[in-house]
Amino acid sequence: RAGLGVLGASVISHDGSTIAYFANSPGTLLLLDPSDLSTIRSCPIDAYVNALAFSPDDKTLYLGSYDLAQARKVSDLSLLASATATGIYQSLAAVGDSLYAAMDPFVRELDAANLQLKRELLNPGCVVEYETTCGSSSGNPSCSHCSNTFPFGARYGAVALMLVPGT
């Protein structure tokens, strides 16, 4: 559809009824109907959004900017929670009551309700140690630096969040 602005982050709801889309120019969060791309609702966001994720029940939309995370109610896009953190949000995944955030160069588990840190899953020291010891950062490494077992593969500087069901 013409007029959506410069492509930014986007995600489709689990039930397929909504596309969340961030238009970098003019800085607008849009919820679109996938059948015709008509706007369901929108709101201005004073940040460059890198990552979007729906909660498992599709009632909350999470967004990650350079150092800001927000939780917004899908029904009216009102702000539910906001938190700042060190790092650049690259991807988000909501699982249960947690929001997993790949933030160059960290991976963190946040409380989905208030966006507060639950635990560090990965930090630069862990990846460097794993790469030095094993020569690779694929698979499910267990880090002696922090004692975490990572349910995803990761590379320092370009963290990819790939959640494994059941972990």
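1. Start with Ile88. This residue counts as partly exposed because its relative accessibility is 36%, between the 20% and 50% limits. Ile88 sits in strand β9, residues 88-95. Together with Tyr48 and Tyr66, Ile88 makes a nonpolar surface patch of about 280 Å². Keep in mind that this is a predicted model.

2. Next, the partner of β9. Strands β9 and β10 pair antiparallel, over seven bridges. One of the facing pairs is Val95 and Ser98, the latter in β10. The two strands form a hairpin with two residues between them. Gly96, in the turn, has a positive phi of about 60 degrees.

3. Strand β10 covers residues 98-104 and is mostly covered, with six of its seven residues buried. β10 also pairs with strand β11 (residues 106-111), again antiparallel, over six bridges. Ala102 has Val107 in β11 as its bridge partner.

4. Now the charges. The whole structure holds four salt bridges. In one of them, the side chains of Asp97 and Lys118 meet at 3.1 Å, N to O. That pair links distant parts of the chain: Asp97 is in the loop between β9 and β10, Lys118 is in strand β12 (residues 117-122), and they are 21 residues apart. Asp97 counts as exposed because its relative accessibility is 54%. Lys118, at 36%, counts as partly exposed.

5. Lys118 also forms a salt bridge with Glu109, at 3.9 Å, N to O. The cut-off is 4 Å. Glu109 has a relative accessibility of 8%, so Glu109 counts as buried.

6. Glu109 forms a salt bridge with Arg119 too, with the closest N and O atoms 2.4 Å apart. Glu109 lies in strand β11 and Arg119 in strand β12, so this pair ties together parts ten residues apart in sequence. Arg119 has a relative accessible area of 41%, so Arg119 is partly exposed. Taken together, Asp97, Glu109, Lys118 and Arg119 are linked in a network of salt bridges.

7. Last, a four-stranded sheet. This sheet is open, in the order β5-β6-β7-β8, with antiparallel pairing. Its edge strands are β5 (51-54) and β8 (79-84), each pairing on one side only. From one strand to the next, the twist averages 15 degrees. Strand β7 (residues 68-73) is joined to β8 by five bridges, and the two run antiparallel. Ala69 stands opposite Ala83 in β8.

Note on methods
Residues are numbered from 1 along each chain as its sequence is written. This is a predicted model: local features need pLDDT of at least 70, side-chain atom pairs count only at pLDDT 80 or more; totals for chains, interfaces and linings use all residues. Side-chain values use heavy atoms; hydrogens and water are left out. Patches are made of residues with over 30% relative accessible area and no salt bridge: like charges are joined within 9 Å, nonpolar side chains (Val, Leu, Ile, Met, Phe, Trp, Tyr) within 5 Å. Accessible areas come from the Shrake-Rupley method with a 1.4 Å probe; for residues, only the protein chains shown count as cover. Buried means under 20% relative accessible area, exposed over 50%, partly exposed in between (1.4 Å probe, protein chains only). Two strands pair if DSSP finds at least two bridges between them. Axes are lines fitted to C-alpha atoms, for helices over the stretch in contact, and angles run from 0 to 180 degrees between N-to-C directions.
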